[in-house]
Amino acid sequence: MSKTPVTQMVDVSMKFGDFHALDRINLQVHEGEIIALIGSSGSGKTSVLRAIIGLEEICAGQIFIENHLVSGRTDDGKVANKKDSAVLRRQKVGMVFQTFNLFPHRTVIENIVEAPIYVRGQDRKEALEQARVLLQRVGLEDRQNHYPYQLSGGQQQRVAIARTLATKPDLILFDEVTSALDPELTSEVLSVMFDLAHLGQTMLVVTHEIGFARRVASRVLYMDRGAIIEEGLPEDVIENPSEERTRQFLSKVLRFGSD
């Protein structure tokens, strides 16, 4: 495990009016870790991801990518530089969203080469070669000239994963990427995520797939009301939780077959 976390949150809070989306969150993600965030809807899981990638502003605390401050203030009161922070986030962090977010008017392969060419300045020929390799990895090499509307939801999500991989991020954030899919399509996407885990990709995963968390995660964090209530190894948090709120949540989830 690397000494410097890929990302770190220190006493991070986030508010929307009087609602506390995050309440003094402390989190470190190290290279090669797969951390699963579980909890009820509205518990703050997605807010953690959106704060890390810069889609939401925090009201207190600090967020670091590697050892660079990207949100909050330094100890001597200087505010993180927004332009530098945005560049660093694009270089180091990728995010796969629940709703795919593919460009509908562009083909699969055009969706994948967009960021490498126009954000990173990669040569187009090189970007296309890389995109074909990534499509093969996610099992969609024969769909490169299709448009998103010609794909199933599971295929679109696999394209979204390939698009994120094309930027070669140190950390990938997954925001409930199977929640809109039926069981068969869910299996397709989770299979790709299993493969990424075995390749050592660092991931922070918001998920309701408890079986995935149990099998793949290095650590599981249970969140409730904007706070991390419990964290530890999957076998500890899932099989033998110490907090009553965690036990209640898992009993409801597992009772209805989300495992």
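Reader: Is Tyr-149 buried or exposed?
Author: In this predicted model, the relative accessible area of Tyr-149 is 65%. Exposed means over 50%, so Tyr-149 counts as exposed.

Reader: How are the rings of Tyr-147 and Tyr-149 arranged?
Author: A pair of aromatic rings is described by the distance of the centres and the angle of the planes. The search of the whole structure finds three aromatic pairs. For Tyr-147 and Tyr-149 the ring centres are 6.3 Å apart and the planes stand at 20°. Planes under 30 degrees apart count as stacked, so this pair of Tyr-147 and Tyr-149 is stacked.

Reader: What is the relative accessible area of Tyr-147?
Author: Tyr-147 is partly exposed. Its relative accessible area is 31%.

Reader: Which ring does the charged end of Arg-106 sit over?
Author: The charged end of Arg-106 lies 5.2 Å from the centre of a ring. That ring belongs to Phe-103.

Reader: Where does Gly-54 lie, and which residue is 31 residues apart from Gly-54 along the chain with a C-alpha separation of 8.5 Å?
Author: Gly-54 is in the loop between helix 1 (45–53) and strand 4 (60–65). Gly-54 is partly exposed, at 35% relative accessible area. Its C-alpha atom is separated by 8.5 Å from that of Ser-85.

Reader: How many residues of the lining of the largest cavity are charged?
Author: The search finds one cavity of 30 Å³ or more, and the largest cavity has a volume of about 40 Å³. Its lining includes Glu-176, Leu-190, Met-193 and Phe-212. The lining divides into five nonpolar residues, two polar and, as charged, one.

Terms used: Residues numbered from 1 in each chain as written. Predicted model: local features only at pLDDT ≥ 70, side-chain atom pairs only at ≥ 80, totals over all residues. Heavy atoms only, no water. Phe/Tyr/Trp six-rings, centres within 6.5 Å; stacked < 30°, edge-to-face > 60°. Buried < 20%, exposed > 50% of the residue type's maximum accessible area, 1.4 Å probe, protein only. Lys NZ or Arg CZ within 6 Å of the ring centre and 35° of its normal. Helix = DSSP H or I, 4+ residues; strand = E, 2+ residues; numbered from the N terminus. 1 Å grid on protein atoms, 1.4 Å probe; cavity = no way out; pocket = protein on both sides within 12 Å on 5 of 7 lines; lining within 4 Å. Points joined across faces, edges and corners; volume = space filled by probe spheres on them. Nonpolar A, V, L, I, M, F, W, Y, C, P; charged D, E, K, R; others polar.
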